[in-house]
Amino acid sequence: MKKIIRLTILFLSFAANSQIKLPRLISDGMILQRDAKVKIWGWAAANEKIELNFNSKIYKTITAEDGTWMIILPPQKAGGPYEMTFSSSNTITLKNILLANGFQ
């Protein structure tokens with residue numbers, strides 16, 4: 001019985017660590033710079049496949065050994081609101097994303 005409990009705890013801790021996590025900066029309502037490359041990053045389990053669906057295009061990457069990942073979006077025209085969906089062992093959808101001029 002103890003062996004089953006340990007295996008269950010091990011499985012649950014692995015499942016919790018493998019999910020996509022985003023920094024607070026990447027969230028609903030964010031404004032991205034138009035006409036410039038934009039870095040989107042986060043964390044997940046090592047060697048996990050990450051897929052980002054944004055503005056009718058799909059971008060893919062794989063996490064590094066330390067669990068970090070990054071996708072660089074190509075320059076985009078001004079517009080929005082858009083949705084950004086991250087998929088892996090979990091799914092995160094961000095809403096109301098705008099592409100606008102930089103602030104001066």
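Mentor: A definition first: helices (H or I, at least four residues) and strands (E, at least two) are DSSP runs, numbered from the N terminus. With those labels, Lys21 is found in the loop between α1 and β1. Please keep in mind that this is a predicted model.

Trainee: Understood. How many helices and strands are there in the chain?

Mentor: There are 1 helix and 7 strands. Starting at the N terminus, their order is α-β-β-β-β-β-β-β.

Trainee: Back to Lys21, then. Why does Lys21 count as partly exposed?

Mentor: Lys21 counts as partly exposed because its relative accessibility is 41%, and that class lies between under 20% for buried and over 50% for exposed.

Trainee: How far apart are the C-alpha atoms of Lys21 and Thr68?

Mentor: They are separated by 9.6 Å, although the two residues are 47 residues apart along the chain.

Trainee: What share of the contacts with a separation of 6 or more comes from residues 24 or more positions apart?

Mentor: Such pairs account for 56% of those contacts.

Trainee: Let us change topic. Which residues make the nonpolar surface patch?

Mentor: Leu25, Trp41, Trp43, Met70 and Ile72 make this patch of about 510 Å². Two elements, β2 (38-43) and β5 (68-73), each give two or more residues to the patch.

Trainee: And where is the place of Leu25?

Mentor: Leu25 sits in the loop between α1 (2-17) and β1 (31-33). Leu25 is classed as exposed because its relative accessible area is 61%, where the class requires over 50%.

Trainee: Now Gln76, please. Is Gln76 buried or exposed?

Mentor: Gln76 is buried, because its relative accessible area is 10% and the limit is under 20%. Its place is in the loop between β5 and β6 (79-87).

Trainee: What does Gln76 touch?

Mentor: Leaving aside residues up to four places away in sequence, Gln76 touches Arg34, Asp35, Ala36, Phe54, Asn55, Tyr59 and Leu99. With Asn55 there is also a polar contact between the two side chains, at 2.8 Å.

Trainee: Where is Asn55?

Mentor: Asn55 lies in the turn of the hairpin that β3 and β4 form, with 2 residues between the strands, and has a positive phi of about 55°.

Trainee: How many bridges join β3 to β4?

Mentor: The count is 6, and the strands, residues 49-54 and residues 57-62, run antiparallel. Phe54, another residue that Gln76 touches, has Lys57 in β4 as its bridge partner.

Trainee: Finally, what percentage of the residues of the chain count as buried?

Mentor: The figure is 29% of the 104 residues. The chain exposes about 7,200 Å², of which carbon and sulfur atoms supply 57%.

Definitions and conventions: Residues are numbered from 1 along each chain as its sequence is written. This is a predicted model: local features need pLDDT of at least 70, side-chain atom pairs count only at pLDDT 80 or more; totals for chains, interfaces and linings use all residues. Side-chain values use heavy atoms; hydrogens and water are left out. Patches are made of residues with over 30% relative accessible area and no salt bridge: like charges are joined within 9 Å, nonpolar side chains (Val, Leu, Ile, Met, Phe, Trp, Tyr) within 5 Å. Accessible areas come from the Shrake-Rupley method with a 1.4 Å probe; for residues, only the protein chains shown count as cover. A salt bridge is a side-chain nitrogen of Lys or Arg within 4 Å of a carboxyl oxygen of Asp or Glu. Buried means under 20% relative accessible area, exposed over 50%, partly exposed in between (1.4 Å probe, protein chains only). A polar contact is a pair of N or O atoms within 3.5 Å; within protein, one must be able to donate a hydrogen and the other to accept it, and residues adjacent in sequence count only if both atoms are side-chain atoms. Contact means heavy atoms within 4.5 Å. Two strands pair if DSSP finds at least two bridges between them.
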